[in-house]
Structure formats: structure tokens, C-alpha cells
Amino acid sequence: MSRKKALKGKGGSKSPKASPSSGRTGKGLAAAAAPSSGLVYPSRPSISNSGEFYDIAFKVMLVGDSGVGKTCLLVRFKDGAFLAGSFISTVGIDFRNKVMTIDAVKVKLQIWDTAGQERFRSVTHAYYRDAHALLLLYDVTNKGSYDNIRAWLTEIHEYAQQDVVVMLLGNKADSTHDRVVKREEGEKLAKEFGVPFMETSAKSGLNVELAFTAVAKELKHRTMKEPDEPKFQLQEYVDKEMRTVGCCRS
Amino acid sequence: MEKKSQSLSPRDGRAKERVDRVDPYGFERSEDFDYDSYEELMSEYLAVLTRRAIKWSKLMKGKSKVQKNLKLKRYVRKGIPNEHRALIWMAASGAQDQLEKNPGYYRSLLGAQHDPKLVETICTDLNRTFPDNIQFRKTSSPCLQKALHNVLLAYGHHNPSVGYCQGMNFIAGYLLIITKDEEKSFWLMDALLGRILPDYYSPAMLGLKTDQEVLGELVKVKIPAVWQAMVEHNVTWTLVASRWFICLYIDVLPVETVLRIWDCLFYEGSKILFRVALTLIHHNQALIRQARSLPDVCQAFKQITHGPFVDECHTFMQKIFTEPGSLSRATLTKQRATCRSRIIAEES
């Protein structure tokens, strides 16, 4: 009778709370992260609601047209799984947490997944404002989703913070036969807007970890950089670490 | 779930051998499905279903039409047996009248030229509608996926100002599972979107934004501690309740509970959606108040849609009419008007 779903992060609200933002700093949805600097830097480690300790937390948002694979990308990153034909369309807005270790620092990413259909943007764009990073996805097998990237970037500029980290991802890169958007086209668009770019595949796992790691590294460097430490070069890092389809460089 | 002393089934840990892997609606049970609790629950619920089925068959005997009256309303609140569900939904919502007044209309919509953009948008969601339901598999016969495509396409052309909005796929899917008929599903969609619900699905989604705010206002009065917690942690009602309204509790609450809610939705209107929301929140206010951050609050709001309280649909449906206290149509109308103007003012 009841169709039970795995209750992710069960017991979350029963776990001991060590909210990093107990001294809440005003505007917006600044729960896991303070608003302006984007830094949550508690004097002692905090516990995320999955019970994991972390040092700093950031809010990352997945955006892009309906069906480009936002939820799949998130599930691949979070659980390392891709179950073809098991995903349902995302309605509204939802998030999942993942703690990663970046240069010995525990970084919690609070990753927000949004409905891609245009009309939902008027419900979800209020949440861009507090995002520290936006992963903007298109589907390499869907020209329309690529063409809409410009509109998405306009929307992002209008609603997101000035210094938000934006990364462009061409997803479903494993679909060689159905591909209609060339890699070079993605690179060109990214260059035009000055954002880092890579192709990903939630199905094969290609560059999924890297996309989130790169963003986490950038955000961590921004907030914890020593005065004499050089600025983190996100694009360089991505270019060095990125794998391309059919290539076995690791 | 608590063990009930008067349970009819033996709790011997072998329920998994006795219970089907697929529920009566075609949904595959999840890996972590609790067969023992389910069997225990069903052993009690079956008695209710049998009792109701006898009453309904007496009521329906020799009738092909039904009149809305207090007795029927009471019957509907106690649950419509599956065999009568489609008929009562059709009659109570006015969908049957529309179907009879417009013979051939549904077919003509399907036969007309299609907007390619609409087709594409709908197709994106076909494989993402109930992949865990065997009736929606491409290999199943009849395949509800094709029927889903048709109903959504016809509705999109019938009501071009709405077209297709995500969430409608799940609603049409449920209607097809229950009615097993495209045309009836189409007219029930028309009843829901055109008359029963506010404008949840139109491009501006004003009805949705309004009802989220209305829920906030009702919680503020009825369950102030929860309202306080929401304010304290900066949680908007969009974050916790948009899916509740858009999907009419599909994939939020258990299937049987959703159908029981829909029985009342078709008969009594959209007020029922607030009764459900208020009951969930009221019953779990202690849990929500324990939350110490925005993610905690969101997590709590997910947690309250699972567990015995919502699984036991018969008791749950009794609770929704008592637990939240009075909720008059006038209050709702007034709140909707106030919230709506506020949103329009803020957006302009």
C-alpha cells in the first residue's frame, strides 16, 4: 500500500546540532553559510545533518534546462550511482549534502537541485542569491539546452551574487551517437563568458567528482587563503585534471 | 510501527514471502520496504475496506449516476472503494458532465496539429514519470506511457495558457492508473486544473505561490511555534511545501493515502490540501521545532511525510478533519485574496 522511499539522511534532525550559523547573519537563506563572504568558519568543527564533521560549508546550485541531468549528476556525485531509468522529474527544489576533504580541510557542499522547466525559475531564482557556486548544465545531445545557456547566464547575472563561481558543464558526454553539440562549441561559449568548462557524464562518472572538487577548491581557497599564497587557478586546475571522452589520461 | 495486540497476521518475519513485490497499482516496492509492518497494517485495513465495500455496493446498487449529498460526502471521506473510484471522481468533479457534453472532443484534440515545442517538453518527462511502476514500462501492455503522452498532449492543446507544467505528468499518471481510460483522465485533469485547483501550473505559478503563503498564514495562527521556527531559520514555504501542492501529495505521501486525499479533493475541493498540510505539521510540531538550521527544518519536513502516521491512511484521514481545527471556506478565500495581492505587489 505505501510506497516507501529510502529516507535519505535518516535521523538527521535527531543528531546533535552544531549549527555553524548559530550567530545568524541576516539576509536570505544563510543557513549553512554566512551571506557575504560565503564563509562558515566555526572555531571548532561542526556537524552536518548527516552527522559528519566539517570545517567550512558552501551552497552550490545545479541549474539548466529540464532533462539535462542535474539530478543524475548530483546522485552520481553523492552516492556514486547511476541507475538508468530510475529518475523522476524534479519538481520544486531540494538539496543534499556532501562533505569532501580538500587539502586536509573538511568542506561541506550543500547542493541544491532545481526543477529545470522555465516556469519554475520564478519560484527558484530567489535561491540563487545565496549560492556560492552554480553548476550550469546543458545536454550534449540536446541543441536547445545548449542554446538556452545564454539565457541562463543572463538570469544568473541578474539574481546571483557578483562573485559567484559559475562552471559550465556539457553533460551526457558518453552518448557518442546522439551527440549534437561538439566539445569545441561548449569551450567557445565558456570562453566567451569567461567561465570554466568541461564535459561530464553522470552515467559513466566522467569528470563528475572533478566538477565538484574544482568548485570546492576554489571556494575553499577564496576563504582560507594565506596572504602569500597564490590565487587558485580554477581553469588551470580543471584543464590539468579533466578527462575527455574516450581518453584514458587520469 | 508499533505492534498491535489484535493483529490478524502472524508477525513471523515471513511477510516478504506472502506479500507481492508490486503493489495493486503497479508500483514496485522499494528495497527497504517493511513487509512485516505492511502486512500488519493491511490486516486491519482490509477489514475497513471490506466494511466500506459492502456499504458502497448497497449505496450504488442499480445506480449509474450519483447525487452529491451529505451521506455521499461522509462516505467519500471514509474512502471510495477502488471499483467505484473513477465513477465517483467523474461525477463529483463534474468531469462526467463535460465528457458527455463534448463527445469526440478528446479525440479531436489528439487528431489536430501538434505544437512541436509542447511535444518535446512532454516527451522529456515521459521516461521520468513512475519508472518504478510496471504499467509505465515500454514493454507493458497496455503501456500507460503512451496514454500519458496523449492525455498531456491533449490537455496542453485544450488549455494553451497552461500547456504543460512538470507535476502534471504525475497527476495524469495517477488518473490513468485509477480510471484506466485516457478520455476520463483528460476530463479529470480539466476538472482539477480548470475548476478545483487555483492556477498552480500556469507560467506565473501565482496560485502556487499564493497557496504556499496561505499555508504560512494558517500555520502562523494555528501552530505559531512552527511558524516561529520557520522565521528563525529563514525557511520559506516554497522549500518545504511546493511539491505538496504541485504534485497533490504524489510521491510525497504513500499511494493509498494520496488516493484517499484525492477522494476528498474531487468531492470537496482544494481546501483538503491545506487540511493535509496542517495535520502533518501540527502532528509533528515537536520534531520541527527541534530543528536547529535550515537544512534541519527541510529534513524534518521530509521526515514527517513518512512513517506509520501517514501509512495508516484511514486514521490519517480522520485526523485531517479534527487535528487542524476549523478551516472555513471564507477564511481560505480571504487569505488567498490577501496573499495574492501581496505577491502581485511584490513582483511588480
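**Domain contacts in chain B and local packing**

In the predicted model, five residues of domain 1 of chain B are in contact with eight residues of domain 2 of chain B. On the domain 1 side, helix 9 (residues 168-179) of chain B gives the most, with three residues. By class, this side of domain 1 has four nonpolar residues and one polar residue. Charged residues are absent from this side of domain 1. Domain 1 of chain B covers 94-196, and domain 2 of chain B covers 206-347. Their C-alpha centres lie 27 Å apart.

Helix 11 of chain B spans residues 206-222. Its 17 residues reach 24 Å from first C-alpha to last, close to the 24 Å expected at 1.5 Å a residue. Buried residues in helix 11 of chain B include B:L208, B:K209, B:T210, B:D211, B:Q212, B:E213, B:V214 and B:L215. B:L218 and B:V219 are also buried. Within chain B, the buried residues of helix 11 pack against helix 12 (224-232), helix 13 (237-246), helix 15 (271-283) and helix 20 (329-347). They also pack against helix 2 (121-124) of chain A.

In chain A, A:A190 is placed in helix 5 (residues 183-193). A:A190 is buried because 21 other C-beta atoms lie within 10 Å, where the cut-off is 20 or more. Leaving aside neighbours within four places in sequence, A:A190 is in contact with A:L168, A:V195, A:P196 and A:F197. A:C72 is 118 residues from A:A190 along the chain, and the C-alpha atoms of the two are separated by 22 Å.

Key: Residues are numbered from 1 along each chain as its sequence is written. Chains are lettered from A and ligands numbered from 1 in the order in which they are written. This is a predicted model: local features need pLDDT of at least 70, side-chain atom pairs count only at pLDDT 80 or more; totals for chains, interfaces and linings use all residues. Helices (H or I, at least four residues) and strands (E, at least two) are DSSP runs, numbered from the N terminus. A residue is buried if 20 or more other C-beta atoms lie within 10 Å of its own, exposed if 12 or fewer, and partly exposed in between; C-beta atoms are placed from the backbone. Two residues are in contact if their C-beta atoms, placed from the backbone, lie within 7 Å. The expected span of a helix is 1.5 Å times one less than its number of residues. Domain bounds come from an automatic or database domain assignment. Ala, Val, Leu, Ile, Met, Phe, Trp, Tyr, Cys and Pro count as nonpolar, Asp, Glu, Lys and Arg as charged, and the others, Gly among them, as polar.
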